[in-house]
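Subject: Structure handover

Hello,

The sequence and structure are below. My notes on what was found follow them.

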Amino acid sequence: MGVNDLHKTFIDRPNHEKKNKRNLADLLGTIGIDVSTIMYRLVSSPLGSGPIDVNPPVPLYHAYKEATTTLSLLTDKHKKQILLVFDNRSHPMKAGTQSGRRSDRETAQLKLADIYKTSDITDKTAEDVQKHRKAMAHPREDFIAMIIAFCKEKGIKFCSAPFEADWQLVSLQKQGIIQHILSSDGDLLVLGGDSIITDLNNGSGACCIYDTNSILQRKSMGGGMFLPQHLPLLACFSGNDYIARLHGNGPKKVLNLMNQFTALESLEEQQSFISDLQNESKWKTGDSKPANGFWFL
């Protein structure tokens, strides 16, 4: 979901992960996996992205081996029941973000082509090649098909989300189908997710658990001022992949805005509050005002 400043300012992710070490052995129930975040991490690694620019495309065997090793360790070594959830189509509200990502991949491809035209390859150009390959990386359809074939062979359950996997994972958790969510994207908190597993060591099973209630007690999150149902407001006031940040309202103002908003009792008062914020904000030309996003989320 890409919530601005969530990990750096509000959760303070590095310190949180140091203090909240757990192990997969402590966790009971089924783990839902946002497999797209795993695939992206692997195809954007130095070895995984190596053949990403080959034309015609070749299978991404290194990334495939790493992905299947991770899944096998979860099921065979750690004896965990897992359910993989794949991304499907991007939500229309994320069209701007996706367009920017496609443009970045196309730009990286053009820069790679320029580098390959010269025979003067230096350490600097080698670094640039790796950088552009990483920018081009994304979970291709053939890579997804290879993972699905592996899951069928191993008897691992999987499904596809209507839109993006994170929304589907939270829904599955609320229905009791899964009890934990494995994802490198801690943003699932603001969608209502809980017991989110990050920073996993595949071999030892050491990991960090994001627990909503404990995170809401952090001083950087208001020190208990807010409830889990208020977290979507954090995403809206901070800005995310779907709606832009309210211009001029940085992270230091977000908690105060949330406090004011949650004190309002009627929908009419809330609508007026957001409208006034938009009118007071100095919006840059071309910025899309996010009012509809508040009611959508």
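Phe86 stands opposite Ser160 in strand 4. Strands here are DSSP runs of E of at least two residues, helices are runs of H or I of at least four, and both are numbered from the N terminus. Strand 3 and strand 4 run parallel and are joined by four bridges; two strands count as paired if DSSP finds at least two bridges between them.

Before going on, note that this is a predicted model, in which local features need pLDDT of at least 70 and side-chain atom pairs count only at pLDDT 80 or more, while totals for chains, interfaces and linings use all residues. Residues are numbered from 1 along each chain as its sequence is written, and side-chain values use heavy atoms, with hydrogens and water left out.

Seven strands make up an open sheet with mixed pairing, in the order 1-7-6-5-2-3-4. Its edge strands, each pairing on one side only, are strand 1 (21–23) and strand 4 (157–160). On average, neighbouring strands are turned by 35 degrees against each other, direction ignored. Helix 7 (residues 141–154) packs on the sheet and touches strand 3 and strand 4, where contact means heavy atoms within 4.5 Å. The direction of helix 7 makes about 155 degrees with that of strand 3; axes are lines fitted to C-alpha atoms, for helices over the stretch in contact, and angles run from 0 to 180 degrees between N-to-C directions. Helix 8 lies across strand 2 (31–34), strand 3, strand 4 and strand 5 (180–182), at about 145 degrees to strand 3.

The cores

A nonpolar core is a set of buried Ala, Val, Leu, Ile, Met, Phe, Trp, Tyr and Cys residues joined through side-chain atoms within 4.5 Å. Buried means under 20% relative accessible area, exposed over 50%, and partly exposed in between (1.4 Å probe, protein chains only). The largest core has 36 residues, and Leu234 and Phe237 have the most contacts inside it. Helix 10 gives the most to this core, with five residues. A second, separate core of 33 residues includes Ala63, Leu71, Leu112 and Ala137.

Gln130

Gln130 lies in helix 6 (residues 123–136). Gln130 counts as partly exposed because its relative accessibility is 23%. Leaving out residues up to four places away in sequence, Gln130 touches Ser44, Ser45, Pro46 and Ser49.

Regards
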